[in-house]
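This report walks through the fold of one protein chain, from its overall layout down to single residues. Please keep the structure open while reading.

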Amino acid sequence: MEFRLEKKTSRKFSQACAMDDVCSSLRRWEEMNHDILVKIFQTLDIFDLILGIGQVCSTWRLAACDPLLWRTLDLSMLKSNFIKIPLEPYVYVDGRSDKTLTRVLKISLNLSRGNVSTIIFHYNLYISNDQLTYAAERCPRLKRLVMPAWNRIKEAGICHAIRIWKDLESLTMPSISNPPVLMEEISENCKNFSELKIMGPFDVCFASTLVAFLPSLKVLSLRCSMVFKDALVIILDGLKGLEVLNISHCLLVDAPPPPATKNVLRKLDSTILERTSKLKIFLSCMNDSCVMCQRARNDEGLMRWYKYEEDLWKVDEVGSLAI
């Protein structure tokens with residue numbers, strides 16, 4: 001993780017500043033109009049905002065704290081410097097990488113003054129319990145969280161954050177081994193929760209958990225994941241409030257009782273199609289000629305996003321879940 005002010009951003013910033021020079025060539029920096037400063041700062045990314053802009057003068061710092069700049073804290077350009085290890089949490093994150101993320105969080109959340117409603121983390125950004133707690137306590141009005149990597153987060157850590165985020169409406173998360181704990185917390189604390197995206201295998205346990213704790217869920221995306229047919233049937237029957245379901249490019253697996261073997265379905269059968277007809281929007285793609293479907297099959301339903309285009313993981317056919 002490095003802080004760099006790109007030349008093109010600096011040039012864009014200089015050009016934007018000229019807007020105010022037109023109004024008064026004699027005006028000093030600290031006398032620039034607040035609204036114009038905010039408009040200029042909106043052209044910058046998170047690193048430009050925290051790399052000293054707020055230190056220029058009190059006028060600039062006030063503008064750098066404007067709520068318009070902090071509705072979304074997009075850290076999707078940050079990745080951890082890590083190596084995989086055989087034991088939990090299965091990744092080791094370099095200490096300098098951790099310190100950089102902590103610094104970014106402290107500066108940005110100090111400037112945001114509690115106005116962040118969306119946080120976006122990269123799928124290779126492995127945040128710790130302490131970092132998550134710090135973010136949760138300083139973003140109490142969070143409505144959307146995109147956090148695909150949970151390796152270093154304990155159940156107690158994410159549950160503590162959920163209890164703070166009473167306004168949470170949307171969550172993008174990995175598949176986890178014990179979903180009931182988290183979904184129960186969401187059910188009890190987040191009364192407006194309506195959207196869920198799972199980036200990883202979706203089995204009967206996960207499906208049953210959603211039906212038990214989030215029966216009013218409206219939007220669910222499982223794109224590019226391994227989805228078990230029985231799990232799909234469970235959510236289609238049990239999520240009475242479901243309006244939008246996305247299973248585009250999924251690896252749909254039928255797993256009958258032993259000794260029968262698992263097999264990958266190449267198309268949806270009538271038992272699924274009849275149930276999906278009740279939805280407002282049903283999105284699917286199981287086309288052999290589709291590049292994304294081919295990739296999902298090659299990766300066996302657990303996408304190795306690092307192999308593909310940089311921002312491909314951000315894509316979703318459901319507009320409200322795309323980044």
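Helices (H or I, at least four residues) and strands (E, at least two) are taken here as DSSP runs, numbered from the N terminus. On that basis the chain has 12 helices and 13 strands. The model is predicted.

**Overall layout**

The C-alpha trace spans about 80 × 40 × 35 Å along its principal axes. The chain has 323 residues, and 49% of them count as buried. Take the contacts between residues at least 6 apart in sequence: 72% of these join residues at least 24 apart.

Strands of a sheet pair through backbone hydrogen bonds, either parallel or antiparallel. The table lists pairings from this sheet and from a second one described below.

| Strand pair | Sense | Bridges |
|---|---|---|
| Strand 6 and strand 7 | parallel | 5 bridges |
| Strand 8 and strand 10 | parallel | 3 bridges |
| Strand 10 and strand 13 | parallel | 5 bridges |
| Strand 11 and strand 12 | antiparallel | 2 bridges |

Individual bridges can be picked out. Strand 6 covers residues 170–174 and strand 7 covers residues 195–199. Ser170 has Glu195 of strand 7 as its bridge partner.

How many of its residues are buried? The count is 5 of 5, so strand 10 is mostly covered, with buried meaning under 20% relative accessible area. Val244, Asn246 and Ser248 point one way from the strand. Leu245 and Ile247 point the other way. Asn246 has bridge partners in two strands: Ser221 is paired with Asn246, and Asn246 is paired with Leu283 of strand 13.

In strand 12, Asn263 is the bridge partner of Asp254.

Is helix 10 enclosed or exposed? Of its 10 residues (229–238), 7 are buried, so helix 10 is largely enclosed by the rest of the structure. The buried set is Lys229, Ala231, Leu232, Val233, Ile235, Leu236 and Gly238.

What do these buried residues pack against? Two of the partners are helices: helix 9 (204–213) and helix 11 (270–276). The others are strand 8 (219–221), strand 9 (226–228), strand 10 (244–248) and strand 11 (251–254).

**Helix 5 against helix 6**

Two packed helices are described by the angle between their axes and the distance between the axes. Helix 5 (residues 95–112) packs on helix 6 (residues 129–138) at an angle of about 5 degrees, and their axes are 11 Å apart. That angle makes the two helices roughly parallel, because angles under 35 degrees count as such. Helix 5 contributes Asp98, Leu101, Thr102, Leu105, Lys106 and Leu109 to the contact. Helix 6 contributes Gln131, Tyr134, Ala135 and Arg138. By type, the contact residues divide into 5 nonpolar, 2 polar and 3 charged.

Val104 is also in helix 5. This residue is buried, with a relative accessible area of 0%. The C-alpha atom of Val104 is 7.7 Å from that of Ile50, although the two residues are 54 apart along the chain.

**A buried loop serine**

Ser225 sits in the loop between strand 8 and strand 9. Is this serine buried or exposed? Its relative accessibility is 2%, so Ser225 counts as buried. A polar atom of its side chain lies 3.1 Å from the backbone nitrogen of Gly200. Leaving aside residues up to four places away in sequence, Ser225 touches Ile198, Met199, Gly200, His249, Cys250, Leu251 and Gly301.

Definitions and conventions: Residues numbered from 1 in each chain as written. Predicted model: local features only at pLDDT ≥ 70, side-chain atom pairs only at ≥ 80, totals over all residues. Heavy atoms only, no water. Pairing = 2+ DSSP bridges. Buried < 20%, exposed > 50% of the residue type's maximum accessible area, 1.4 Å probe, protein only. Contact = heavy atoms within 4.5 Å. Axes fitted to C-alpha atoms, helices over the stretch in contact; angles between N-to-C directions. Parallel < 35°, antiparallel > 145°, perpendicular 65-115°, else oblique. Nonpolar A, V, L, I, M, F, W, Y, C, P; charged D, E, K, R; others polar. Polar contact = N/O pair within 3.5 Å; in protein donor to acceptor, adjacent residues only side chain to side chain.
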